[in-house]
Amino acid sequence: MNLTPKEIVAYLDKYVIGQNAAKKTIALALRTRYRRMQLDETMQNEIMPKNILMIGSTGVGKTEISRRLAKMMSVPFIKVEASKYTEVGFVGRDVESMIRDLVVNSISIVKAEKEEENKSKIDNYVLNRIVEKLLPPLPESASESKKDDYQRLLEAMEKRVESGEMDDKTIELDLAKLNIEFDDSGLPPEIAKVQESFSKVFASINKEDNKKEVTVKDAKSLLRQEAAQKLLDSASVNAEALRRAENGGIIFLDEIDKIALSEKSAGRNDPSKEGVQRDLLPIVEGSSVSTKYGTINTDHILFIAAGAFHVSKPSDLIPELQGRFPLRVELESLTEETLYKILTQTENSLLKQYEALLSVENLTLIFEDDAVRAIARLAHRANENTEDIGARRLHTVLENILEEISYDADEYSGKEFRITQELVQDKLQEVVEDDDLSRYIL
Ligand SMILES: Nc1ncnc2c1ncn2[C@@H]1O[C@H](COP(=O)(O)OP(=O)(O)OP(=O)(O)O)[C@@H](O)[C@H]1O
Ligand SMILES: [Mg+2]
């Protein structure tokens with residue numbers, strides 16, 4: 001992960017319009033971690049990450065930024081909702097489980113890398129296992145000429161398996177050796193270990209039943225797992241994964257405002273909210289968390305928290321927690337121009353999505369530029385007049401405009417349909433002008 005801050009911002013620009021302050025802060029935080037890793041160990045230990053708090057009203061791109069980062073990053077990264085956790089002692093997931101989730105994520109990254117490194121070994125293993133099922137072995141006593149023939153057959157069979165020609169054939173596989181992986185990251189490591197030993201015991205009892213008829217196609221992926229388990233040294237994978245999570249791990253803590261105690265709703269506050277905040281303190285500050293794969297120190301894990309803070313304010317978080325998120329960035333609410341750009345310039349824009357969906361019905365949807373401007377203007381006005389729900393307003397607005405044509409798409413098969421400014425006005429002007437109406441419809 002050695003993208004420069006500018007490169008990270010450029011990547012995010014493809015999907016998120018504006019919000020430059022947030023993008024820059026995050027890009028810089030990521031680069032700082034990379035810089036830190038290049039230093040000698042004593043220096044490394046001194047440099048603590050500066051956690052980030054992103055504040056911005058709903059629908060302005062907080063979660064979108066993190067989703068895109070997650071896709072791009074090759075460092076351990078998870079996104080969790082703060083509201084999902086409960087105080088230790090209450091029923092539910094405790095906050096330490098997020099660290100365990102991070103380790104699991106790290107392991108899958110390291111595993112994928114190691115599998116890539118050992119690709120040809122794994123490919124060979126898989127191929128041999130399948131071919132030996134398809135082609136019964138030759139008896140030892142076979143003559144030399146038979147052996148030559150057999151060799152030729154073998155090579156031909158290997159080609160056919162590789163090309164996928166044999167994918168539909170079934171073979172019998174003995175899958176007893178595969179460990180069943182449990183989703184146990186929510187469990188404390190002691191219990192997870194017990195669960196694991198149980199699963200091993202059961203696996204050994206069930207041995208005979210594990211012969212399964214599978215297609216060659218399925219066998220390829222099943223045997224891949226087996227090969228990875230046999231050929232990769234899981235102890236070193238785990239150690240490497242722990243090390244990476246410890247030094248490069250990032251946790252995106254979404255909806256942090258949901259665990260703040262606001263004065264406004266004082267009576268209804270859930271007492272466990274403050275408990276979750278208290279439980280978060282040591283993890284964010286740096287402490288040791290034991291996982292099934294070993295103990296991990298959280299000192300250098302970067303936390304990026306985000307919240308709309310509509311009802312509560314950052315100052316409603318307990319002071320100790322506020323202090324642990326020294327970098328604050330605010331996301332701007334979206335202007336008409338931003339909404340227009342979101343529609344036209346993002347890689348995954350809603351307009352492209354609708355065009356693609358309707359192209360399945362052989363209908364060519366064309367948005368005229370005037371129309372797109374009108375959509376942005378009306379969406380912006382609806383945000384101003386009623387609730388500001390950011391870019392999510394575009395979804396409801398577009399849905400309203402396109403519902404009919406979407407329904408009647410079959411009648412337009414092979415034709416094109418133009419979304420004009422008049423059509424947009426027709427469908428929406430009245431609704432947007434009328435506050436009461438737009439509260440319901442948009
Ligand atoms: N600045 C932006 N650029 C491009 N798309 C955006 C932008 N802001 C929001 N969107 C789009 O709007 C939708 C909602 O955005 P997102 O999930 O990031 O909201 P949020 O800020 O996390 O809101 P909440 O506080 O409600 O969780 C997403 O589909 C996203 O793609
Ligand atoms: Mg969000």
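Predicted model: local features only at pLDDT ≥ 70, side-chain atom pairs only at ≥ 80, totals over all residues.
**Confidence**
The protein chain averages a pLDDT of 87, and 93% of the residues score at least 70. Helix α8 (residues 189–205) has the lowest confidence, with a mean of 72. Helix α13 (residues 336–345) has the highest, at 96.

**Where the ligand sits**
I asked which elements give two or more residues to the shell around ligand 1. They are α4 (62–72) and α16 (392–407). Of the elements, α4 gives the most, with three residues.

**Who is around it**
I found 17 residues around ligand 1. Ile17, Thr58, Gly59, Lys62 and Thr63 come nearest. Sorting the shell by class, I got seven nonpolar, six polar and four charged residues.

I went through side-chain N or O atoms facing ligand oxygens. For Thr58, the distance from such a side-chain atom to an oxygen of ligand 1 is 2.5 Å. Thr63 has a side-chain N or O atom 2.6 Å from a ligand 1 oxygen. With Lys62, I read 2.7 Å between an oxygen of the ligand and a side-chain N or O atom. Last, I looked at cover: ligand 1 taken alone exposes 620 Å², and the protein buries 87% of that.

How values were computed: Residues numbered from 1 in each chain as written. Chains lettered and ligands numbered in written order. Heavy atoms only, no water. Near = heavy atom within 4 Å. Polar contact = N/O pair within 3.5 Å; in protein donor to acceptor, adjacent residues only side chain to side chain. Areas by Shrake-Rupley, 256 points an atom, 1.4 Å probe, with all protein chains shown as cover. Helix = DSSP H or I, 4+ residues; strand = E, 2+ residues; numbered from the N terminus. Nonpolar A, V, L, I, M, F, W, Y, C, P; charged D, E, K, R; others polar. pLDDT = per-residue confidence, 0-100.
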